[in-house]
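Q: Could you walk me through this one while I have it open? I would like to start with the words you use.

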Amino acid sequence: MARPSKLEGAERAAALTALTAAGWTHDAKRDAISKTYTFKNFVEAFGFMTKAAIWAEKLDHHPEWSNVYKTVEVTLSTHDVDGLTELDLKLAQKMDAFT
Ligand code: HBI
């Protein structure tokens with residue numbers, strides 16, 4: 001699957017506004033977005049990761065993430081273009097939709 005191009009200009013600004021409102025933070029240096037999710041317990045956290053993994057496979061777009069007990073730290077960026085693309089937005093939206 002061809003990688004989309006990096007988000008630029010107004011589209012990028014609008015995306016970052018929406019993501020920030022949803023609790024994501026932007027790392028300008030890496031041009032990546034990160035968010036920490038906290039769940040009721042480990043099983044809930046792992047269930048989230050399972051659902052996200054299915055979407056990552058569907059999108060052929062994978063998170064950088066770590067899990068400690070009921071917390072999942074997620075970072076999204078498109079490695080092939082070293083920055084944010086619409087795939088990062090899509091996966092972030094999917095993750096937020098099932099939390
Ligand atoms: N996931 N986040 C992210 N970024 C990529 O560039 C990427 C990926 N998953 C699979 C993938 N690229 C493949 O298309 C190959 O480019 C590795």
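A: Contact, or touching, means heavy atoms within 4.5 Å. With that cut-off, valine 74 touches Trp24, Ile33, Ser34, Lys35, Tyr37, Phe48, Pro63, Glu64, Trp65 and Met95, leaving out residues up to four places away in sequence.

Q: Where do the coordinates come from, and how are residues numbered?
A: This is a predicted model, in which local features need pLDDT of at least 70 and side-chain atom pairs count only at pLDDT 80 or more, while totals for chains, interfaces and linings use all residues. Residues are numbered from 1 along each chain as its sequence is written, and side-chain values use heavy atoms, with hydrogens and water left out.

Q: Which residues touch the most other members of the largest nonpolar core?
A: They are Trp24, Ile33, Phe48, Val74 and Met95, in a core of 22 residues. A nonpolar core is a set of buried Ala, Val, Leu, Ile, Met, Phe, Trp, Tyr and Cys residues joined through side-chain atoms within 4.5 Å, where buried means under 20% relative accessible area, exposed over 50%, and partly exposed in between, using a 1.4 Å probe and protein chains only.

Q: Which elements each supply at least two residues of this core?
A: Those are α1 (9-21), β2 (32-38), α2 (42-59), β4 (71-76) and α3 (86-97), and α2 gives the most, with 5 residues. Helices (H or I, at least four residues) and strands (E, at least two) are DSSP runs, numbered from the N terminus.

Q: What pattern does the protein follow along the sequence?
A: The pattern is α-β-β-α-β-β-α, from 3 helices and 4 strands.

Q: Changing topic, is histidine 61 buried or exposed?
A: Histidine 61 counts as buried, because its relative accessibility is 3%. The residue lies in the loop between α2 and β3 (64-68), and, neighbours within four places in sequence aside, histidine 61 is in contact with Arg3, Ala56, Ser77, Thr78, Leu87, Asp88 and Leu91.

Q: What about the backbone, say phi of aspartate 31?
A: Aspartate 31 has a positive phi of about 55° although it is not a glycine. Most residues other than glycine have a negative phi. Aspartate 31 sits in the loop between β1 (25-27) and β2 and counts as buried, because its relative accessibility is 5%.

Q: And tyrosine 69, buried or exposed?
A: Tyrosine 69 counts as exposed, at 53% relative accessibility. Tyrosine 69 is in the loop between β3 and β4, and has a positive phi of about 55° although it is not a glycine.
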